[in-house]
Amino acid sequence: MKIFIVGAGEVGTHLAKMLSKEEHDIILMDEKSTALEFAYDNNLEIMPIVGNPTSKQQLEMAGVEGSELFVAVLPEESRNLIACMLATQIGAHKAIARVSNSEYQSPENREYFGSLGVDDMVCPEALASKEIAAGLMIPWTRQYWSFFGGKLEMLAVQVLASSPLIDRPLLELKEHNEKYFHIVAILRDDETIIPTGQDVVKEDDIVFATTAPEHREQLRKSCGQEDVEVRRVIIMGGSRIAVRTARLLPSDWSIKIIERNYEKCVRLSEIVPENTLIIHGDGRDPELLRLEGLTKSQAFLALTSNSESNMLATLNAKRMGVYRSVAQIENIDYLDIAYQMGIGNLINRKLIAASSIFRYLLNADVTNAKTLTIGQNDILEVTIQEGSRLTKKPVKDLRLPRGVTFGGMMRDQEVCLVEGDTHFRAGDVVMVFSAQLSADALAKIIGK
């Protein structure tokens, strides 16, 4: 697949590196030659081009025509939209723009921009804030996702010493009519395990389990997690993600945002909800956190642009007894370290943006895609097409490669968990869990 990316910032660089490993033809354009220096690495199959992404002539000369996918991830959303419009005029098949204004993603605006040649818009900050807010509503999870219009959930939960699951074969869950949830994968140390019925769960494992919302409580108890209600939240850093998160949280919660820049504090005070208090100070200062009531708060969110500061502040908050912690970690190399340190929930805008774009690389009807910050695996919501190999045999006879399993399915608006005897039909919507398979490998499994 020929993929043309404009903008060699953090997101564009990550996308280019990720996609080049899957033998796609990657062209990366940026106005600054210094931003493209990494692309000359012989281990990367990336063609770097210095040019203006909002110049139709330069896009034509760079070879946009015929690109199956055009992705604009420049810092300025207006230039991303213009670049996509021009690319579509030149002959790109599909154009995606990164935006920071979530208003652009309303149905009427999507339709309008679609008519101009912008096929989709990705707002990583809005997606990140939704993920954070959803997780705070279920604070005993490490990560949370909703599928099939909210009818199925996937939760990443740490197994505590009090869990009745420990050292018990997973097959017993079904035999004792306890199949309220399905353990799709187990993360143990650095290894993602796709379990069989004979596998057992160990203390401190993180299990990825699917369940219906009404059975969520059984999963919590089975993992030994206590039921804690979040009412007080302290956020370090007055970023766009912080403000969006504050707006999404319930109005009867107490929220404090600690920001070091005084002028920014003044601006923030004018746009945050009434239940949000802006504090001028350093969120890494333990004494300030004590004065602002961290020991009485249930959640601490470190959402500055500095990954190291976020990691240290979150560790400090956990030491002070906060129940739920979230850290924005933009350096992907730090994600495994942060997981091993037990920092808590991790947010990475690059992975969020990559998740939204990943589904366009598959020869299938994918409506939802997530790249997990824990383990960096993928979850897809796929509508099975007529003639798909998945419809040929029951799941147990499909001979799927290691690293692929199914968490649930929806047929005729009814949701159920997937078993070995399940036989998919065209039109079924299936949740696919993939342990670090390439897009090409996944396409062969879920496509025709």
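I began with the largest pocket and sorted its lining residues by kind: 15 are nonpolar, seven polar and eight charged. For this sorting, Ala, Val, Leu, Ile, Met, Phe, Trp, Tyr, Cys and Pro count as nonpolar, Asp, Glu, Lys and Arg as charged, and the others, Gly among them, as polar. I note that the model is predicted, that local features need pLDDT of at least 70 and side-chain atom pairs pLDDT 80 or more, while totals for chains, interfaces and linings use all residues. Residues are numbered from 1 along each chain as its sequence is written, and side-chain values use heavy atoms, with hydrogens and water left out.

**Entry 1: the largest pocket**

I looked up the volume of the largest pocket and found about 890 Å³. A pocket is an open set of points on a 1 Å grid over the protein atoms alone, with protein on both sides within 12 Å along at least five of seven lines; lining residues have an atom within 4 Å of a point. Grid points are joined across faces, edges and corners, and the volume is the space filled by probe spheres set on the points. The lining has 30 residues, and His 182, Pro 195, Thr 196, Gly 197 and Thr 405 lie nearest the centre of the pocket. I then checked which elements supply at least two lining residues each: helix H6 (171–175), strand S9 (181–188), strand S10 (191–193) and strand S20 (404–411) are among them. Helices (H or I, at least four residues) and strands (E, at least two) are DSSP runs, numbered from the N terminus.

**Entry 2: nonpolar cores**

Which residues touch the most other members of the largest nonpolar core? I found Phe 4, Val 6, Leu 59, Val 64, Phe 70, Leu 81 and Val 118, out of 27 residues in that core. A nonpolar core is a set of buried Ala, Val, Leu, Ile, Met, Phe, Trp, Tyr and Cys residues joined through side-chain atoms within 4.5 Å. Buried means under 20% relative accessible area, exposed over 50%, and partly exposed in between (1.4 Å probe, protein chains only). Strand S1 (2–6), strand S2 (25–30), helix H2 (56–62), strand S4 (69–72), helix H3 (77–90) and strand S5 (95–98) each supply at least two residues of this core. H3 gives the most, with seven residues. Apart from this core lies another of 25 residues, including Leu 136, Val 243, Cys 265 and Ile 278. In soluble globular proteins, nonpolar side chains tend to be buried together.

S1 and S2 pair in the parallel sense over five bridges; two strands pair if DSSP finds at least two bridges between them. Lys 2 stands opposite Asp 25 in S2. S2 is mostly covered, with five of its six residues buried.

**Entry 3: cavities**

How many cavities of 30 Å³ or more does a search of the whole structure find? The search finds two. A cavity is a set of grid points where a 1.4 Å probe fits but cannot get out.

The largest cavity has a volume of about 70 Å³. Among the residues that line the largest cavity I noted Glu 131, Arg 142, Tyr 144, Arg 324 and Asn 345. Helix H5 (124–137), strand S7 (143–147), strand S16 (324–328) and strand S17 (345–347) give two or more residues each to this lining. The lining residues divide into five nonpolar, three polar and three charged.

The second largest cavity holds about 40 Å³ of space. Its lining includes Val 71, Ile 96, Arg 98, Pro 124 and Ile 357. S4, S5 and helix H13 (349–358) give two or more residues each, and S5 has the largest share, three residues. This lining divides into nine nonpolar, no polar and one charged.

**Entry 4: single residues**

Asp 412 has a positive phi of about 55° although it is not a glycine. Asp 412 is in the loop between S20 and strand S21 (414–416). Asp 412 counts as exposed because its relative accessibility is 67%.

Gln 413 is in the loop between S20 and S21, and has a positive phi of about 70° without being a glycine. Gln 413 is exposed, with a relative accessible area of 53%.

Is Glu 292 buried or exposed? Glu 292 is buried, at 19% relative accessible area. Not counting residues up to four places away in sequence, Glu 292 touches Ile 234, Lys 256 and Ile 279.

Glu 60 lies in helix H2 and counts as partly exposed at 43% relative accessibility. Glu 60 and Gly 91 are 31 residues apart in sequence and 9.2 Å apart in space, C-alpha to C-alpha.

Technical notes:
Contact means heavy atoms within 4.5 Å.
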